[in-house]
Amino acid sequence: MVDPRTPVLVGVGQFTERIDDDGYRGMSAVELATEAAHAALADTGADVAAVAQAIEVFAALRQFEISTPFSSAPLGCSDNYPRSVAARIGADPARAVLEPLGGNGSQKVVTEFCAAIAAGDAEVVLVLGSENGSTLRHFARQDDKPDHSEQVGGQLEDRGYGFEQYMDEYTATHGLTGAPVQYGLLDNARRSRLGLGVADYRRSMAELFAPFSEIAAKNPFSSAPTQRSVDELVTVTADNRMICDPYPRLMVARDQVNQGAAVLIMSVAAARRLAVPEDKWVYLHGHADLVEQSLLDRADLSTSISAELAVTEALRVAGIGLADVSTFDLYSCFPFPVFAVCDTTGLATDDPRGLTLTGGLPFFGGPGNSYSLHGIAETVLNMRDNPGRFGLVGANGGVMSKYSVGVYSSAPAEWAADRSRDLQARIDEQPRVPVTRHPEGPGTIETYSVRYDWPTTTGIIIGRLDADGSRFMAMTTDEDLLALMTGGDPLGAAIVVTAGEKKNHARLA
């Protein structure tokens, strides 16, 4: 018998609305999350009304439309997202929480509230998230728009936006204002370390992701349930245009989705009291949450210390090894986060167990900060169907900035603390690369991306000054350098950088 305060995941729900669905309703983020919450309540196999009324905490993942102070919700939004959902399902939680942005948030919040339940600070918690980006785009140019505004008021623990952890004025000024260009820098840094050419690396990315699309094609909750071949993913066409080097469109997280997910967590005592059948219970055996150094500080842009340590620590807490894991769902906004886990843990990119249960962000869908809540939901279902086996979820946030891992199983296990705080100190103590913000003179390209998503194709560069080896950022529209960046291989190329008032500019030496 486990301690009655031991946390168990007892209900999971997912929902997807596609624009071309019969009966498409143009649902709000609140409505999408409500559908997922209803599904999670029904999934418990217990009295739905009683379970809803027992929920003490609604922990919500922040949508893209409210992720910065500058964001605008074009169709309006709720002033209290978690309480809007709570009201719709007949709940009145004592506490409503809105998490900062970050794709790691799904697993981080599940771990946080499992710990809170184990400590006796709560008994029943619902974690939820949703995005209606596809609907926002659909109505953007239409005159007749739905109104998603809601004023519900009430207590809300708003934990802030959190975007300042992922970018600053210097990086944003030099073009790092979107995930594709940010991850493009990391994947090209990895290509440099491996010594691969542009074509060979693009094929390796396609070989990684083609099996993901096969899973997505079979998932009823997928936003783009179409299987893609390696050649389809590699070949640049009008439909598979370049977004930011090295990514054609089909290798980029699909953020135009309408998806919601919810996970219900209880103490064992509450699950028994509410008559949730034990065959619904799944335990969080292992967990870890770690934060990487800021992008420009990292000694090696081609890898992730936080992902490596988080996976290793979660497995240690669970008391198992990588070989004991039956399923994986690794965050896959771009190839790099998947490669980073494989590179550092020894997990093969073509492991026959597969690296996703959903189908991955480019194919299943990338609902903002809540993607991994779908990964957790799929893992819970799989663990129920395969008693005693283990499933690992890896959730990534920012520019490979935060990594959270959960290891799940139906096998009963007492709650165990992790050593994330001690491991974080190890990361914080790693050497940092000096940065020259206003560089002048000759240098070399350390890594790069190209923004094709701007009106003017622009090269984005992280380089090293020849004079002292310090790191800098620069942009370029220099004809010769841009030709090398778009049609050749600029890694290690000699350049000359000039500091402008706000932006640094580079040209081919």
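Student: Which residue stands opposite Met 475 in S15?

Tutor: Ile 460 stands opposite Met 475 in S15. Strands such as this one (E, at least two residues) and helices (H or I, at least four) are DSSP runs, numbered from the N terminus. The model is a predicted one, in which local features need pLDDT of at least 70 and side-chain atom pairs count only at pLDDT 80 or more, while totals for chains, interfaces and linings use all residues. Residues are numbered from 1 along each chain as its sequence is written, and side-chain values use heavy atoms, with hydrogens and water left out.

Student: How many bridges join strand S14 to S15?

Tutor: Two strands pair if DSSP finds at least two bridges between them. Strand S14 (residues 458-465) and S15 run antiparallel and are joined by 6 bridges. Their hairpin has 5 residues between the strands, and Gly 469 takes a positive phi near 75° there.

Student: Which residues point one way from S15, and which the other way?

Tutor: In a regular strand the side chains alternate between the two faces of the sheet. From S15, Arg 471, Met 473 and Met 475 point one way, whereas Phe 472, Ala 474 and Thr 476 point the other way. All of these residues are buried; buried means under 20% relative accessible area, exposed over 50%, and partly exposed in between (1.4 Å probe, protein chains only). Because 6 of the 6 residues of strand S15 (residues 471-476) are buried, the strand is largely enclosed by the rest of the structure.

Student: How many residues of helix H12 are buried?

Tutor: Helix H12 (residues 335-345) is mostly covered, with 9 of its 11 residues buried. Among them are Phe 336, Val 338, Phe 339, Val 341 and Cys 342. Just after H12, Gly 346 takes a positive phi of about 85°.

Student: What is the strand order in the open sheet of 6 strands?

Tutor: The order is S1-S8-S4-S2-S3-S5, and the pairing is mixed. Strand S1 (7-16) and strand S5 (157-158) stand at the edges with a single partner strand each, so one side of each is left without a neighbour in the sheet. S1 pairs with S8 in the antiparallel sense over 9 bridges, and Gly 13 has Ala 262 in S8 as its bridge partner.

Student: Which strands does helix H1 touch?

Tutor: Contact means heavy atoms within 4.5 Å. Helix H1 (residues 29-43) packs on the sheet and touches S1, strand S4 (124-132) and S8. Its direction makes about 135° with that of S1; axes are lines fitted to C-alpha atoms, for helices over the stretch in contact, and angles run from 0 to 180 degrees between N-to-C directions. H13 lies across S1, strand S2 (57-61), S4 and S8, and runs at about 120° to S1.

Student: At what angle do the axes of helix H4 and helix H13 cross?

Tutor: Two packed helices are described by the angle between their axes and the distance between the axes. The axes of helix H4 (residues 105-118) and helix H13 (residues 371-385) cross at roughly 60° and come within 7 Å. That makes H4 oblique to H13; angles under 35 degrees count as roughly parallel, over 145 as roughly antiparallel, 65 to 115 as roughly perpendicular and the rest as oblique. Ser 106, Gln 107 and Val 110 in H4 meet Tyr 371, Ser 372, Leu 373 and Ile 376 in H13.

Student: What is the order of the open sheet of 4 strands?

Tutor: The order is S9-S12-S11-S10, with mixed pairing. Strand S9 (283-291) and strand S10 (325-330) are the edge strands, each pairing on one side only. S10 and strand S11 (residues 390-397) run parallel and are joined by 5 bridges. The bridge partner of Leu 330 in S11 is Gly 394. H4 packs on this sheet, touching S9, S11 and strand S12 (402-409).

Student: How many salt bridges does the structure hold?

Tutor: A salt bridge is a side-chain nitrogen of Lys or Arg within 4 Å of a carboxyl oxygen of Asp or Glu. The structure holds 29 salt bridges. In one of them, Asp 231 joins Arg 203, with the closest N and O atoms 2.9 Å apart. Asp 231 lies in helix H9 (residues 230-234) and Arg 203 in helix H8 (residues 198-218), so the pair ties together parts that are 28 residues apart in sequence. Asp 231 is partly exposed at 46% relative accessibility, and Arg 203 is partly exposed at 34%. Elsewhere, Arg 95, Glu 99, Lys 108, Glu 112, Glu 157 and Arg 159 are linked in a network of salt bridges.
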